[in-house]
Amino acid sequence: MKLNCRHGYNILILQNGEVSSSDDDIDSHCIMEFTSMSPGHVRIRGVEANLFLAMNKDGLLYGEADPNNNATIFIEQPEGPYSAYLSLKYQRKKWYIAIKKNGKIKLGPTTKRGQHATHFLTIVV
């Protein structure tokens, strides 16, 4: 699947662990595999890079090799036809996965529920 932001960008994970976005629909780094950890909790793996989407203590998204790291689990929250992904590790701080209008990844501390930048559709590929 692809994780497509409301602004038209897909999340991608590169082999070096960098998380970015792309509006290129054929970039293989955009293909993600979702694993349900428990009801409403998901782990997202970049298939090409074989790294898991994670959030660090500064709210920066990165690719994590260790699937057992708690930073790789996100809480999927419905937002109308979209979903928002709240970091389980930083849920008290209310940090979400987000992409700005210009395509840059937004840091967790600058996000909040309801922002268009936090709204994603999962697109089957």
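## Starting from Ile44

Setting aside neighbours within four places in sequence, Ile44 is in contact with Leu3, Met32, Glu33, Phe34, Leu51, Phe52, Leu53, Thr72, Tyr85 and Ile97, where contact means heavy atoms within 4.5 Å. Ile44 sits in strand 5; strands (E, at least two residues) and helices (H or I, at least four) are DSSP runs, numbered from the N terminus. With a relative accessibility of 0%, Ile44 counts as buried. The burial classes used here are buried for under 20% relative accessible area, exposed for over 50%, and partly exposed in between, with a 1.4 Å probe and protein chains only. Ile44 and Asp58 are 14 residues apart in sequence, and their C-alpha atoms are 19 Å apart in space.

## About the model

This is a predicted model, in which local features need pLDDT of at least 70 and side-chain atom pairs count only at pLDDT 80 or more, while totals for chains, interfaces and linings use all residues. Residues are numbered from 1 along each chain as its sequence is written, and side-chain values use heavy atoms, with hydrogens and water left out.

## The overall fold

The protein chain has 10 strands and zero helices, so its pattern along the sequence reads β-β-β-β-β-β-β-β-β-β. The radius of gyration is 13 Å, close to the 14 Å that the globule rule gives for 125 residues, so the chain is as compact as a globular protein of that length. For this comparison, the radius is taken over C-alpha atoms, and the globule rule is 2.2 Å times the number of residues to the power 0.38. Along the principal axes, the C-alpha atoms fill a box of roughly 35 × 30 × 25 Å.

Of the 125 residues in the protein chain, 49% are buried. Among contacts with a separation of 6 or more, 47% join residues 24 or more positions apart.

## The nonpolar cores

A nonpolar core here is a set of buried Ala, Val, Leu, Ile, Met, Phe, Trp, Tyr and Cys residues joined through side-chain atoms within 4.5 Å. The largest such core has 21 residues, and those with the most contacts inside it are Ile11, Ile44, Leu53, Leu61, Tyr85, Ile97 and Phe120. Two or more residues come from each of strand 1 (2-5), strand 2 (10-13), strand 5 (41-46) and strand 6 (51-55). Strand 6 gives the most to this core, with three residues. Apart from it lies another core of six residues, including Ala84, Leu86, Leu88 and Tyr96.

Beyond four places in sequence, Ile97 is in contact with Ile11, Ile44, Leu53, Met55, Leu61, Phe74, Tyr85, Ala117, Thr118 and Phe120. Leu3, placed in strand 1, is buried with a relative accessible area of 0%. With the neighbours within four places again left aside, Leu3 is in contact with Tyr9, Asn10, Ile11, Cys30, Phe34, Ile44, Tyr85, Phe120, Leu121 and Thr122.

## Loops and the chain end

Asp23 is found in the loop between strand 3 (19-22) and strand 4 (32-38), and at 57% relative accessibility it counts as exposed. Not counting residues up to four places away, Asp23 touches Gly8 and Tyr9. Its C-alpha atom is separated by 23 Å from that of Trp95, 72 residues apart along the chain.

Now for some backbone angles worth a look. Asn50, in the loop between strand 5 and strand 6, has a positive phi of about 55 degrees although it is not a glycine; at 47% relative accessibility, Asn50 counts as partly exposed. Lys94, in the loop between strand 9 (82-87) and strand 10 (120-123), has a positive phi of about 60 degrees, and it is not a glycine either. Lys94 counts as exposed, at 54% relative accessibility. In the segment after strand 10 comes Val124, which is exposed at 67% relative accessibility.

## Surface and charge

The accessible surface of the protein chain comes to about 6400 Å², of which 50% belongs to carbon and sulfur atoms; areas come from the Shrake-Rupley method with a 1.4 Å probe, and for residues only the protein chains shown count as cover. There are 15 positive and 12 negative side chains, and the centres of the two sets lie 12 Å apart. Lys and Arg count as positive and Asp and Glu as negative, with His and the chain ends not counted. Each charge is placed at NZ of Lys, CZ of Arg, CG of Asp or CD of Glu.
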